[in-house]
Amino acid sequence: MNITVVGAGYVGLTLAAVLADFGHKVWVVRKDKEKNEALKKGKIHFFEPGLEELVKKNLKAGRLIPTTEYSQAIPFSQVIFIAVGTPSLPSGAVDLSQVFEAAKEVGKNLSLEYTVVVNKSTCPPGTTRKVAKIIDKFKPTKAKFDIVFCPEFLREGSAVEDTKRPDRIVIGIESPKAARIVKEIHRQFKAPILLTKIESAELIKYAANSYLALRIVFANQIADLCEKNGADIGEVIRGMGMDKRIGLHYWYPGMGYGGSCFPKDVAAIADFAKKKKITGSIFAVMDKLNKKRIPQILKRLENNFGSFADKKVGVLGLACKQGTDDVRESPAIKTIEILKKKKAEIVAYDPKAVENAKKVLSGVVFAKNPYEAAKNADCLLILTDWPEFGKLDYGKIKEMMRVNFIFDSRNILEKVKIKKIGFKYLGIGR
Ligand code: NAD
């Protein structure tokens, strides 16, 4: 098929490259001319394992076509995916301006043939129908189209694999003709397909993300209880998770949920519930608890370590999680911002996210490797779960640090081993 993907971010570009690799001709439309020229040469403005290779392969085969011109892509496409950003407004509501602008451009350029427009941007229930109205308003009178909402469930760090092999494909749809076409596109993904109402599909995305975020909030509260009574969160999670109704997966006690999706999606569903006059929503409480998490942990650290003022703090990890260079809503960045206010001197290292961190942090020294971040430090904070941080030579690090205090927010170190080396160690719920 001929397909257009609007938006060349983590979701859009990954989807475009995977669809091209499955043999479709795919235009990927973006606004930034400079990034578009780079993309034509196979250069991607973010890090995602395996994506650059996939992009280069499909550019070479002529199946993937980057463009900044809607008119070069939309009129020739049978299916158009919208995968633009839906960030938070300060109120927690979703800023839908990128989606509505994309809808307008799609409408203006729609061909007279029948087209299916698939919204993939995470949006509150009711938004996809508004997208259809905008397309309808701007399209040529005779052009025909159907609207669909397909939530995206990929995780940054494994976006290519998740796109190729998702657990399920949810298609929110009304038209049987569009259903046939969208199912046909997803046939190669080899995943169960669930057809739903459009509003259900929109809500499924928020329900899934907020439930995963809830597990993090819950794990943090159990970890706090562990710290009060000498229990170990790892053991508690194992004992709890071996119950098949609960499961061992997706328990991440730490600095709270972060990243480009959970904070904004929980805030969005809380805002949606409030607008629908649903009182006592759990989502608003989660949002509040998560915002308090980092200051609470820093207080605990100060109780153990003393004041951060004029101390040299080595930070390992800036990305919101391992496997990505994304620093959006990264707990590490938020922690550093608070530490800076407390007048700490920060030297930070991350294997992939330094360039993005430089755009949002000032007054921080960026180290070339983890050992440089630890040199002469009064304490070392592990803030991202990069596996390499578990494999460092902590004997060498101890010799390099001024004071041997380690905070392991992701519980990736073996506590007994680290203490044996001579560190004062703090983890989460251990
Ligand atoms: P992103 O910010 O990485 O990418 C969005 C891109 O769209 C940006 O490059 C932006 O420049 C571009 N854009 C904005 N308006 C445009 C327009 N009118 N025409 C062309 N391009 C335009 O965002 P993302 O992480 O890819 O997320 C996209 C959507 O998918 C969001 O709604 C997000 O919530 C959802 N989502 C994201 C993830 C994730 O892990 N990143 C996972 C699932 C769902």
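Partly exposed residues are those whose relative accessible area falls between the buried limit, under 20%, and the exposed limit, over 50%. The legends below use this scale for a predicted model.

**View 1. Glu-302 and Lys-342 form a salt bridge.** The side chains of Glu-302 and Lys-342 meet with an N to O distance of 3.2 Å. Glu-302 belongs to helix α11, whereas Lys-342 sits in the loop between α12 (331-341) and β10 (345-349), so the pair ties together parts that are 40 residues apart in sequence. With a relative accessible area of 23%, Glu-302 is partly exposed, and Lys-342, at 28% relative accessibility, is likewise counted as partly exposed.

**View 2. Asp-224 and Arg-293 form a salt bridge.** The two side chains meet at 3.0 Å, N to O, and the pair links distant parts of the chain, with Asp-224 in helix α8 (residues 198-229) and Arg-293 in helix α11 (residues 282-305), 69 residues apart. Arg-293 counts as buried because its relative accessibility is 6%, while Asp-224, at 29%, counts as partly exposed.

**View 3. Domain 1 meets domain 2.** The domain assignment of the protein gives domain 1 as 2-196 and domain 2 as 292-426, and their centres, taken over C-alpha atoms, are separated by 37 Å. Seven residues from domain 1 and seven residues from domain 2 take part in the contact. Between them the domains bury about 630 Å², of which 43% is on carbon and sulfur atoms. Of the area that domain 1 buries against domain 2, Tyr-10, Phe-47 and Glu-156 supply 80%, more than any other three residues. Four residue pairs are in polar contact between the domains, both residues of each being at pLDDT 80 or more, and the side of domain 1 that touches domain 2 has four nonpolar, one polar and two charged residues.

**View 4. Arg-328 pairs with Glu-156 and with Asp-326.** One salt bridge is counted between domain 1 and domain 2. The side chains of Glu-156 and Arg-328 meet in a salt bridge at 3.5 Å, N to O, and Arg-328 also forms a salt bridge with Asp-326, the closest N and O atoms being 3.0 Å apart. Asp-326 is buried, having a relative accessible area of 3%, whereas Arg-328 is partly exposed at 43%.

Conventions: Residues numbered from 1 in each chain as written. Predicted model: local features only at pLDDT ≥ 70, side-chain atom pairs only at ≥ 80, totals over all residues. Heavy atoms only, no water. Domains from an automatic or database assignment. Contact = heavy atoms within 4.5 Å. Buried area = accessible area lost by both parts, 1.4 Å probe. Salt bridge = Lys/Arg side-chain N within 4 Å of Asp/Glu carboxyl O. Polar contact = N/O pair within 3.5 Å; in protein donor to acceptor, adjacent residues only side chain to side chain. Nonpolar A, V, L, I, M, F, W, Y, C, P; charged D, E, K, R; others polar. Helix = DSSP H or I, 4+ residues; strand = E, 2+ residues; numbered from the N terminus. Buried < 20%, exposed > 50% of the residue type's maximum accessible area, 1.4 Å probe, protein only.
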